[in-house]
Amino acid sequence: MWLKFFFSQLDGTIIAPTDARPWGKGLLQWLEFTKLKGIAIQGKGILDGRGSGWWQDAPYEDPYDDERKLIIPLNSTVQERPPMPVRNELSGKMPSIKPTALRFYGSFNVTVTGITIQNSPQCHLKFDNCMGVVVHDITVSSPGDSPNTDGIHLQNSNDVLIHSSNLACGDDCVSIQTGCSNVYIHNVNCGPGHGISIGSLGRDNTKACVSNITVRDIVMHNTMNGVRIKTWQGGSGSVQGVLFSNIQVSEVQLPIVIDQFYCDKRKCSNETAAVALSGITYEKIRGTYTVKPVHFACSDSLPCIGVTLSAIELKPVQERYHLYDPFCWQTFGELTTPTVPPISCLQIGKPTNNRVQSDHDVC
């Protein structure tokens, strides 16, 4: 049953409680809208999650971004942990469950525009099981070292448009999870953060399906990743029909990433099953990197196919990390133009012994 709503105007500031008592043992969401049709949140207001009291507490229980293993400081070894925010007077008092600031669930024709969401304890804006989502002219603002504070998180949501927004956070600026299709993201500024990511997908041998994703006209500055696809070994399903176009990167550690061996802090065993990746296009991705321009790590049993690269111009900036050449493993496709640097590791064409997906794998 749909509950019809129209416009909710937000022009003031809503501040999350900083006393542990209102949170009880912990909530997954701070503000939540469920099963609504035609809801719009608009205005120039601010949602302030006051997340600093949560970030320091039990940081090592949080998921850990696996791409940190690729980032090696010049005068050290692999960073064991990202730096944690400075402890404050609220640390140690808040429940261990960190809430998302604003979540929409099971809703149709949702619009969020104009508002600022800042300092969320965890994800800032989340859409689960929604259809027809428009987000534009919003601001997300949290420190780059705030753990797991994704800007916009999409899951099981279709027909999504995100544009003309500024996203600064401590995790993915936009995270696209399983069940998402027809997602169009353009004219977004991302940074700090971990870039725009599809995944992680297929955790705990689950099936993941993502299709028809367009990310274009994006500016990224001082992010860990640029555009990334990350999947777990042992999963099934597919990611297909993805376009990353006109991405301007500045001092981005890893501008282009496919990682089918993703593992966040747990010890992960090798498995032959994988989420299939096909039809991934990268065009007009330009700027500077500080670690590695391209990292393609695809499944041995189910290689990435149809990976197309054109007009890639990425130049190194020697800062505080070791620099590496492009890396490809079991990645097949084509180079339609010369690239800077040369990405000679991409295997042209298709694999000769590519495993055919079973009915269980197909989305």
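**H194 and the strands around it**

Let me begin with H194, which sits in the loop between β17 and β18 (196-201), where strands are DSSP runs of E with at least two residues, numbered from the N terminus. What we are looking at is a predicted model, in which local features need pLDDT of at least 70 and side-chain atom pairs count only at pLDDT 80 or more, while totals for chains, interfaces and linings use all residues. Residues are numbered from 1 along each chain as its sequence is written, and side-chain values use heavy atoms, with hydrogens and water left out.

The UniProt record, an unreviewed entry, annotates H194 as "active site", and such annotations may be inferred rather than shown by experiment. H194 has a relative accessible area of 4%, so it is buried, meaning under 20% with a 1.4 Å probe and protein chains only. Beyond its neighbours within four places in sequence, H194 has contacts that include D65, R68, D171 and R228, contact being heavy atoms within 4.5 Å. A polar atom of the H194 side chain also lies 3.3 Å from the backbone oxygen of G170.

Turning to the strands, β17 (residues 180-190) pairs in the parallel sense with β15 (residues 158-168) over eight bridges, pairing requiring that DSSP finds at least two bridges. β17 also pairs, again in the parallel sense, with β19 (residues 207-221) over nine bridges. Within β17, C190 is the bridge partner of L167, and C190 stands opposite M220 in β19.

Lastly, T113 belongs to strand β9 (residues 108-113), and its side chain reaches the backbone oxygen of H136 at 3.1 Å.

Note on methods:
Helix = DSSP H or I, 4+ residues; strand = E, 2+ residues; numbered from the N terminus. Polar contact = N/O pair within 3.5 Å; in protein donor to acceptor, adjacent residues only side chain to side chain. Buried < 20%, exposed > 50% of the residue type's maximum accessible area, 1.4 Å probe, protein only.
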